[in-house]
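Please look through the sequence and the model below, and then follow the paragraphs from one part of the fold to another.

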Amino acid sequence: MTEQNRSGFVTFVGRPNVGKSTLTNALVGEKIAITSEKPQTTRRAIRGIVNRPDGQLVIVDTPGIHKPRTLLGERLNNLVEQVLGDVDVIGFCVPATEKVGPGDRRIAASLDGYSRAKKVAIVTKTDAASPEEITERLLEVDALREDWAAVVPLSALTRDQLGVLSDEILALLPLGPALYPEGITTDESQEDRIAEMIREAALEGVRDELPHSIAVMIDEVSARPDSDLTDVHAQIVVERDSQKAIIIGHKGKRLRDVGARARVGIEELLGTRVFLGLHVKVAKEWQRDPKQLGRLGF
């Protein structure tokens, strides 16, 4: 990289489910953050690395900012606060398909507290909106703050305007060498990525109150001797016996479906065939219990 290269940290903020993780994955070019229609899917600060000839963007994917109802919710909001204080650019996301509301206005106003970061407004999900809706959203978002460095409409799904966004962000980053070696796309550990793939599979089709109660712990990832098979054993943790029954399903059918869905991504990640052993465990009210949160890595 030459002296004219730029590198730095960017994070995307917004209400839950505005497309932050999908945008992160699209910019990185591979899936590093799980996605779901369920709000508050992201629970950690996940770093995705975008390598370009003229610089390096390190994207920190954060949980959606929301009104916390549990200790877990408080810790996720605290995590977002921490990340926002450390990044060079904040991308504020609003979906083109929904009018700007009180939650968007609150988050946009809260960016006053992060004066060192440049701010970019992003209107997401343009593939699902009409030209009139996109125009209306751009005007609404532009009016939220006077210090936007750029306002960019895009679709992570069709990749429309993705290059425009990365150009705009890169131009706002400080001059400097790459922060990560070339070829690395995330600093997430293999075990964390496997746990997230299992949680993503478990989230599919569950009722609204259940997603927040699901966590995953990896017990073992080990290659079988004299075989191309890798053994992965994990626990899906829920808060109540009734939730355990939902995850397992009638005669274990739902748990087998979860395993089959998760195995596809895990095999791709590990590059081997995988035997996936899943067990469901109840940890009463773990979202409110500091000890249980610690054991689950929060």
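Two strands are said to pair if DSSP finds at least two bridges between them, and the elements themselves are DSSP runs numbered from the N terminus, helices being H or I of at least four residues and strands E of at least two. This is a predicted model, in which local features need pLDDT of at least 70, side-chain atom pairs count only at pLDDT 80 or more, and totals for chains, interfaces and linings use all residues. Residues are numbered from 1 along each chain as its sequence is written, and side-chain values use heavy atoms, with hydrogens and water left out.

Strand β8, residues 229-238, pairs with β9 in the parallel sense over 10 bridges, and within this pairing Ala234 stands opposite Leu278 of β9. The open sheet to which they belong has three strands in the order β7-β8-β9, with mixed pairing. Because β7 (215-223) and β9 (273-282) each have a single partner strand, they stand at the edges and one side of each is left without a neighbour in the sheet. From one strand to the next, the twist averages 15°.

Helix α6, residues 190-203, packs on this sheet and touches β7, β8 and β9, where contact means heavy atoms within 4.5 Å. Its direction makes about 125° with that of β7; axes here are lines fitted to C-alpha atoms, for helices over the stretch in contact, and angles run from 0 to 180 degrees between N-to-C directions. Helix α7, residues 241-248, also packs on the sheet, touching β8 and β9, and its direction makes about 155° with that of β9.
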